[in-house]
Amino acid sequence: MTTAPRLEIRQISRSFDGRRVVDDVSLSIQPGQVTCLLGPSGCGKSTTLRIIAGVERQDSGEVLVDGQLISDGVHAVPPEGRGIGLMFQDFALFPHLSVMGNVAFGLSDKSKARARVEELLARVGMSRHIDRFPHELSGGEQQRVALARALAPRPHIMLMDEPFSGLDDRLRDDIRDETLAVLKAEETAVLLVTHEPGEAMRMADEIALMRDGRIVQRGAPYHIYNAPADRAAAAFFSDIN
Ligand code: ADP
Ligand code: MG
């Protein structure tokens, strides 16, 4: 018996104003695996993520979690019922809540909240700052808290849309590595959207290269880097940083 992927999307399409911005996209991700959806700005990455999150509707295609159909475009489980965590670039912390309050926010069982918050803050190296407020934290520290907050309800799937682009260059690699370690420890299936080949090379188990709404190549980072599917893919990887 083979187990179903944690997340699977089948032949998802979406048009805006008669233009197909997501065109027949299929993907699957196993627990503990990071897939990077990589492609230039405007190629349809965020729309794909929003459809999986349930905040945008697909015209056709299916979304499955653990083999269960959660959306076929007509019938859909609402976003909050999908067991999916979200992290976006400007997904700000709640300014009026402490670090503790922010990370505990999505936890319904308040009696267990403290222990879970402490566990996660230890993982992201923020235990000392549990009583601080967002304005007392650096950008990198806020990002660590945001990660802890997204992971607190134990989502089986994390969707991350350019989550590191607001950070200083100096910080970014460290936060990427730390984030990856935490996601692996939690065995989360991750779909991370980025337009930076270097970020995908650093973080992905698998890269799905997207262009004009379509997945043009899928594979391990070294494979795509060494054997890009076509000239455009090669050019895209040539300005790696
Ligand atoms: P990416 O995240 O890869 O930069 P997006 O998925 O945000 O790309 O957008 C893909 C294309 O779809 C872009 O041309 C964008 O302008 C268009 N688009 C996205 N959302 C909408 C919308 N709600 N209405 C009209 N066009 C949209
Ligand atoms: Mg985007």
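Predicted model: local features only at pLDDT ≥ 70, side-chain atom pairs only at ≥ 80, totals over all residues.
Trainee: Let me zoom out. How many helices and strands does the protein have?

Mentor: There are 8 helices and 10 strands.

Trainee: Lots of strands, then. What's the order in the sheet of 6?

Mentor: Read it as β6-β7-β8-β3-β9-β10. It's an open sheet, and the pairing is mixed.

Trainee: Which strands are at the edges of that one?

Mentor: β6, residues 84-88, and β10 are the edge strands, and each of them pairs on one side only. On average, neighbouring strands in this sheet are turned by 15° against each other, ignoring direction.

Trainee: What does "mixed" look like in practice?

Mentor: In general, strands of a sheet pair through backbone hydrogen bonds, either parallel or antiparallel. Here, β6 pairs with β7, residues 157-161, in the parallel sense over 5 bridges. One bridge there puts Phe-88 with Asp-161 of β7. On the other hand, β9 (206-211) and β10 (214-219) run antiparallel, joined by 5 bridges.

Trainee: Who stands opposite Ile-207?

Mentor: Gly-219 in β10.

Trainee: And what's going on in the turn of that hairpin?

Mentor: The hairpin of β9 and β10 has 2 residues between the strands, and Asp-212 takes a positive phi near 45°.

Trainee: Okay, the other sheet. What's the strand order with 4 strands?

Mentor: β2-β1-β4-β5, again an open sheet, with antiparallel pairing. Its edge strands are β2 (19-29) and β5 (68-71), each pairing on one side only. Neighbouring strands of this sheet are turned by 30° against each other on average, direction ignored.

Trainee: How many bridges join β1 to β2?

Mentor: 7 bridges, with the two strands running antiparallel. As an example to click on, Ile-9 has Leu-27 in β2 as its bridge partner.

Trainee: Changing topic: where does Ala-4 lie?

Mentor: Ala-4 is in the segment before β1, which covers 7-16.

Trainee: Why is Ala-4 called partly exposed?

Mentor: Because it has 13 other C-beta atoms within 10 Å. A residue counts as exposed with 12 or fewer and as buried with 20 or more, so a count between those limits means partly exposed.

Trainee: What does Ala-4 touch, leaving out residues up to four places away in sequence?

Mentor: Asp-66 and Gly-67. Have a look at Leu-64 too: Ala-4 and Leu-64 are 60 residues apart in sequence, yet 9.3 Å apart in space, C-alpha to C-alpha.

Trainee: What share of contacts joins residues at least 24 apart?

Mentor: Among contacts between residues at least 6 apart in sequence, it's 67%.

Trainee: How does the radius of gyration fit with a compact globule?

Mentor: It agrees, because a compact globule of 241 residues would come out near 18 Å and the protein has 18 Å. The C-alpha trace spans about 50 × 40 × 40 Å along its principal axes.

Trainee: Last one: what percentage of the residues is buried?

Mentor: 35% of the 241 residues.

Conventions
Residues numbered from 1 in each chain as written. Chains lettered and ligands numbered in written order. Contact = placed C-beta atoms within 7 Å. Pairing = 2+ DSSP bridges. Axes fitted to C-alpha atoms, helices over the stretch in contact; angles between N-to-C directions. Rg over C-alpha atoms; globule rule 2.2 N^0.38 Å.
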